Amino acid sequence: MIALGIESTAHTFGIGIVDSKGKVLANEKDTLKPKDKGLIPRELAEHHFQVSERILRQALDKAEVKLSEIDLIGFSQGPGIGNALRIGATVGRALSLKLNKPLAPVNHCIAHIEIGKKKTKAKDPVVVYASGANTQIITLSNERYRIFGETLDIGIGNMMDSFGRELGLGFPAGPILDQWYFLGKKYIPLPYTVKGSDLVFSGLQTAAERMIGKETQEDLAYSLLHTGFAMLTEVTERVLAHTGKKEVLLVGGVAASKALNQMMDTMCEERNAKKFVPEVQFCTDNGAMIAWTTHLVYKSQGKISIKESEIKPKQRTDDVVPKWIQKK
Ligand code: FE2
């Protein structure tokens, strides 16, 4: 069986083609990169619509399969930006109808986890999902992926990009800030806000932005990232302690950060836990994660009708019952 998965929750429109063993045959995408402003929903929808046909063709060419050889179609159902989700869902419905092949809905956050597990062979990890829009610490508990801690305001990636924009850096700013982190010489105290197991980043961002021009950009990048990542690491450690689990899986675009990895490595070593990170193409938003999870969803719960394929912009990770796990 070959599944085609469509990702369109935020800035990325991606199409992945994956076989039933998890072999990725194609993982094509196009990401909207606004220079000096955040993501505007209608511009995202326009971008996704414009690139959809090209990305589909690229994915089929790369996988060396014909459209008629696709057995399953999956799409990101949520969470995400409504206008953007709607384009992916529409492409999915159209392909399902045209090919007369089953359609399956996929939760975006769970897809990050499932491709991460598949690619790293982590079995039952505490998952740190850190991206622009999302920051959650999730793990399997009582047969669902439960959110143990999460941001109460903005995603940590969003904080980094917004701060970078104030410095005139392009999007995404994370990779440059990550380089500067290692050049910083002085830690500037910034607000460290952990509430229970939840996190708050906007105060940290504002405080750092107020110091632009007064401190070097390297020291600011070091201090901002060090504070934000320490908050994330603290909550991850708490969830490891609470659940007794011994694996940490980093997913989402921020998982590529060397600074975050260094901090998580230290914590995992001290706790005798093992850290896993998939390669970057499977950390950032991508179609392959949707295609792989489409196999899991379809095998465990069958197809859905077009009527049941509505998008769910506010869908929560723990709203979804991962039946493929219950059946094991
Ligand atoms: Fe994501």
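# Reading charges and backbone in a predicted model

Tutor: Let's start with Glu28, which is buried at a relative accessible area of 15%. "Buried" means under 20% relative accessible area, "exposed" means over 50%, and "partly exposed" is what falls in between, with a 1.4 Å probe and protein chains only. The areas themselves come from the Shrake-Rupley method, again with a 1.4 Å probe, and for residues only the protein chains shown count as cover.

Student: Before we go on, what kind of model is this, and what pLDDT do local features need?

Tutor: It's a predicted model: local features need pLDDT of at least 70 and side-chain atom pairs count only at pLDDT 80 or more, while totals for chains, interfaces and linings use all residues. Residues are numbered from 1 along each chain as its sequence is written, and side-chain values use heavy atoms, with hydrogens and water left out.

Student: Back to Glu28, then. Which strand does Glu28 lie in?

Tutor: Strand S3, residues 24-31. Helices (H or I, at least four residues) and strands (E, at least two) are DSSP runs, numbered from the N terminus.

Student: What does the side chain of Glu28 make a polar contact with?

Tutor: A polar contact is a pair of N or O atoms within 3.5 Å; within protein, one must be able to donate a hydrogen and the other to accept it, and residues adjacent in sequence count only if both atoms are side-chain atoms. Here the partner is the side chain of Gln58, at 2.8 Å.

Student: And which side chain meets Glu28 in a salt bridge?

Tutor: General idea to begin with: side chains of opposite charge can pair when their charged atoms come close. The cut-off is a side-chain nitrogen of Lys or Arg within 4 Å of a carboxyl oxygen of Asp or Glu. For Glu28 the partner is Lys62, at 3.7 Å from N to O. That pair links distant parts of the chain, with Lys62 in helix H1 (residues 41-63) and Glu28 in strand S3, 34 residues apart. Lys62 is exposed, at 55% relative accessible area.

Student: How many salt bridges does the structure hold?

Tutor: Ten. One of them pairs Glu53 with Arg57, their closest N and O atoms being 2.6 Å apart. Both of these residues sit in helix H1, four residues apart, or about one turn of the helix. Glu53 counts as exposed at 53%, while Arg57 is partly exposed at 49%.

Student: Where do Glu215 and Lys186 lie?

Tutor: Their side chains form a salt bridge at 2.8 Å, N to O. Glu215 is in the loop between helix H6 (202-210) and helix H7 (217-243), and Lys186 is in the loop between helix H5 (174-181) and strand S9 (194-195), so the pair ties together parts that are 29 residues apart in sequence. Both are partly exposed: Glu215 has a relative accessible area of 25%, and Lys186 has 39%.

Student: What about Asp19: which side chain of opposite charge is nearest?

Tutor: For charge, Lys and Arg count as positive and Asp and Glu as negative; His and the chain ends are not counted. Asp19, found in strand S2 (residues 12-19), is buried yet has no salt bridge, and its nearest side chain of opposite charge, Lys23, is 5.8 Å away. Look at the backbone instead: the Asp19 side chain reaches the backbone nitrogen of Lys21 at 2.9 Å. The backbone nitrogen of Lys23 also lies 2.9 Å from a polar atom of that Asp19 side chain.

Student: Now the backbone. Which residues does a cis peptide bond join?

Tutor: As a rule, most residues other than glycine have a negative phi, and most peptide bonds are trans. In this model, Gly78 and Pro79 are joined by a cis bond with omega about -5°. Pro79 lies in the loop between strand S4 (72-78) and helix H2 (82-99). The bond from Phe171 to Pro172 is cis as well, with omega near -5°.

Student: And what is the phi of Glu64?

Tutor: Positive, about 55°, although Glu64 is not a glycine. You'll find Glu64 in the loop between H1 and S4, and it counts as exposed at 72%. Asn100 has a positive phi too, near 55°. Its place is the loop between H2 and strand S5 (103-107), and at 69% Asn100 counts as exposed.
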